[in-house]
Amino acid sequence: MRPLEDYLVIDFSQFLSGPSASLRLADMGARVIKIERLGVGDICRTLYTSNLIMNGESSVFHAINRNKESFEVDLKSEEDCEMVRELLKKADVMIHNFRPGVMERLGFDYQSVSAINPNIIFGEISGFGKEESVWRNKPGQDLLLQSVTGLTSLTGNADSGPVAMGLSIIDMLTGAHLAQGLLACLYRKAITNEGGLVQVSMMESAFDFQFETITTFMNDGGALPERSVKNNANAYLGAPYGIYQTANGYLALAMGSIPVLGNLLGCGAMLNYTDIKEAFDKRDEIKAIIAEHLLTGTTEKWLSKLEPADIWCADVLNWEQLMAHDGFKVLDMIQEVEMLDGYKYETTRCPVRIDGELLTSSKGSPKLGQDNEKIIKEFNLKSIASA
């Protein structure tokens with residue numbers, strides 16, 4: 001039995017942030033019912049992140065909405081709204097990530113929902129936090145949040161300009177933070193039977209994501225981070241920290257003594273930097289030496305010298321190379337799931353193990369409205385809505 005079995009989650013959210021939170025709850029055993037707009041559903045069904053369409057819908061929708069049910073409704077219809085309210089009366093958790101004011105207009109804001117179910121845990125994601133914010137009506141979109149929160153000043157080399165991360169990282173972090181808050185309130189509810197309101201914003205999640213670098217900034221006289229000109233991987237770390245090209249690939253080097261590295265790599269020029277402060281003060285100079293030297297040998301050659309000496313280093317793999325590696329295969333991170341119509345696809349599994357067991361599921365993503373009949377019958381919704 002999984003920790004959240006017998007818990008019911010009603011999920012109004014769409015795109016990535018909210019659905020990533022409900023996916024994690026589903027992986028842990030909760031029953032998640034997606035409330036989807038009539039004829040359209042979660043916009044992520046058709047918001048393609050690549051040219052890959054899987055079974056008629058976006059690959060990202062399938063990745064983030066597996067193991068869920070779909071309840072297609074018209075929230076402009078009082079009959080449909082009454083059915084949703086009946087579901088909410090029985091729910092443990094509700095999630096949404098609409099802009100401020102939308103749920104109030106629909107009648108599914110925290111005040112309205114807690115009036116019919118005082119014990120519900122209500123989770124909401126916004127783009128910019130408090131309603132008083134002058135940014136409250138701006139779109140809460142990942143790239144825009146990366147840009148406005150300073151995150152793009154940390155990636156890339158000094159002359160690269162602002163560089164966005166290659167993932168919807170703020171969406172995923174915000175979803176993770178919401179899941180954490182919901183789980184904390186579920187624990188409290190198990191003890192006190194008390195509901196609660198969990199609020200997370202993409203802005204605050206993006207700011208918290210940078211806690212290490214921002215703490216340095218605030219306590220270093222307000223000096224902005226400066227990325228290295230070459231092989232930058234962290235604006236606040238000195239040489240050798242970065243990724244370097246070799247004769248046949250790439251090599252990642254983390255923190256380490258420059259002279260020690262010089263001896264191991266057979267690079268005499270590195271032996272001159274004996275003062276530990278030089279690793280930062282002269283990092284571009286040192287990185288240029290390392291970069292030129294590493295081109296003279298293969299990645300395998302350098303790893304054979306560095307790994308036995310316990311130097312923090314790694315090969316740089318693409319997904320194809322990673323998935324073929326025994327170190328990855330042993331984790332069983334890939335699972336096959338199947339949709340109701342028989343369509344099968346491979347995707348990731350939950351990264352959490354509980355009591356040594358993997359949290360896998362063979363249930364794929366739902367077709368729009370595929371569970372309406374079952375949900376209406378199970379919860380006796382038609383007779384309630386027409387009463």
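**Entry 1: a hairpin**

I started with strands β12 and β13, which form a hairpin with five residues between them. In the turn, I noted that G342 has a positive phi of about 95°. The model is a predicted one. I looked up the strand limits: β12 covers residues 334-338 and β13 covers residues 344-348. The two strands run antiparallel, and five bridges join them. For one facing pair I took Q335, which stands opposite T347 in β13.

**Entry 2: helices α1 and α7**

Next I looked at helix α1, residues 17-27, and helix α7, residues 169-192. Their axes lie 7 Å apart, and the helices pack at an angle of about 45°. I recorded the crossing of α1 and α7 as right-handed. On the α1 side, the contact is made by S17, S20, A21 and L25. On the α7 side I listed D171, M172, T174, G175, L178, A179, L182 and L183. Sorted by class, the contact of α1 with α7 has seven nonpolar, four polar and one charged residues.

**Entry 3: helices α10 and α13**

Last, I turned to helix α10, residues 258-265, and helix α13, residues 299-306. I found an angle of about 120° between them, with the axes 9 Å apart. These helices are therefore oblique to each other. The crossing of α10 and α13 is right-handed. I looked up the residues that meet: L261, L264 and L265 in α10, and W302, K305 and L306 in α13. The residues of this contact divide into five nonpolar, no polar and one charged.

How values were computed: Residues numbered from 1 in each chain as written. Predicted model: local features only at pLDDT ≥ 70, side-chain atom pairs only at ≥ 80, totals over all residues. Heavy atoms only, no water. Pairing = 2+ DSSP bridges. Helix = DSSP H or I, 4+ residues; strand = E, 2+ residues; numbered from the N terminus. Axes fitted to C-alpha atoms, helices over the stretch in contact; angles between N-to-C directions. Parallel < 35°, antiparallel > 145°, perpendicular 65-115°, else oblique. Left-handed = near helix turned anticlockwise from the far one by under 90°. Contact = heavy atoms within 4.5 Å. Nonpolar A, V, L, I, M, F, W, Y, C, P; charged D, E, K, R; others polar.
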